[in-house]
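I want to look up how the strands and helices connect here, then check the core.

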Amino acid sequence: MQSWTLADATLNSRLLIGTALYPSPQIMLDAIRASGAEVVTVSLRRQNSQAQQGGGRDFWSYLQELDAHLLPNTAGCHSVKEAVTTANMARELFNTRWIKLELIGDDYNLQPDPFALLEATRELIAQGFEVFPYCTDDLVLCEKLVEAGCRILMPWGAPIGTGRGLTDPYALKTLRARLPEITMIVDAGIGAPSHAVQAMEMGFDGILLNTAVAQAQDPETMARAFRHALRAGRLGFEAGAMPERDLAQPSTPTLGTPFWQQAPQ
Amino acid sequence: MKLIINGEPLEQPVANLAVLLELVEAPSHSAVAVNETFVPKTLYRETSLHEGDRIEILSPMQGG
């Protein structure tokens, strides 16, 4: 596979993967390695005692083993102020200016708040962040995020953790067609490798997922499945699929068909 | 002086943020906000604390 550029990083894998919800820290490491992902998402939370972390070993030490680009998120933030503060804490803690900006507007389906998202994006870009906005597939919102300075957009496929795949392929196709120069990663809602293939065939630059691998019966094998799915989908996009037709057309040549008799004159 | 540390009350006079972080044995990898405003490490010593201040001490955690 050809390498590609995400923000200022050159990557081989187009998969970005989360670090949450795995059965154990070791399974997390094995699955992330099997996925081939070079970007992993992380968060910031209160840590009241070391004992909360896997057997006394803290999450930070597991992260060091991965040697991946870290993409901290602002998960759980509901206001611009919370998100901007969390992003600044993440920048210091993880030593990166990358931030996956999550600003939740509706707790029922964890739908991003487009208005607060845009405001926080402007503020964070002014503060020097590379903002990866977790957004809906609304074209106008996405255009405004680009106007605000985003080089990357992360529209959802479906609400976080649902595994429903691409619920509105038309909206995603429209986004891809209207914003061809923007790096676009489908974030959230991916449940099966076939969903990832579908998004990659549409020309999306990458996929961000977590639950689909972490909650699979065998996370490591599912991670490998997604690794191949992204490659297959991307190659399919680069190769260019044939146009759909309404009517059947034989693929085997009709010239020289045996047992064919010209109708008697 | 009453402070709120990660949502829990702490009743103790504390000179500044650096002293507080030692007192509560904050993890080495952590970032801090006071009253929802980020405080960089370089400012811990000069950040004095006041009655009712809410301090968040956050660490790296799993995320999606």
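Predicted model: local features only at pLDDT ≥ 70, side-chain atom pairs only at ≥ 80, totals over all residues.

Started with a crossover: strand β9 (residues 130-135) of chain A, helix α5 (residues 139-147) of chain A and β10(A) form a β-α-β unit, and I get right-handed for it.

β9(A) and β10(A) pair in the parallel sense, over two bridges. For Cys135(A), the bridge partner in β10(A) is Pro155(A).

Then I went on to the other neighbour. β10(A) also pairs with strand β11 (residues 183-187) of chain A, again parallel and over two bridges. Here I find Thr183(A) of β11(A) as the bridge partner of Ile152(A).

Which way do the side chains of strand β10 (residues 152-155) of chain A point? I see Ile152(A) and Met154(A) on one side, Leu153(A) and Pro155(A) on the other, and all of them are buried.

Last stop, the core. The largest nonpolar core counts 71 residues, and Leu63(A), Phe94(A), Ile207(A) and Phe226(A) have the most contacts inside it. Helix α3 (residues 80-94) of chain A supplies the largest share of this core, eight residues.

Leaving out residues up to four places away in sequence, its contacts include Ile185(A) and Val186(A), along with Arg14(A), Leu15(A) and Leu16(A). Also among the residues touching Ile207(A) are Ile190(A), Ala196(A), Ala199(A), Met200(A) and Leu230(A).

How values were computed
Residues numbered from 1 in each chain as written. Chains lettered and ligands numbered in written order. Heavy atoms only, no water. Buried < 20%, exposed > 50% of the residue type's maximum accessible area, 1.4 Å probe, protein only. Helix = DSSP H or I, 4+ residues; strand = E, 2+ residues; numbered from the N terminus. Pairing = 2+ DSSP bridges. Right-handed = clockwise from strand over helix to strand, strands pointing away. Core = buried A, V, L, I, M, F, W, Y, C linked by side-chain atoms within 4.5 Å. Contact = heavy atoms within 4.5 Å.
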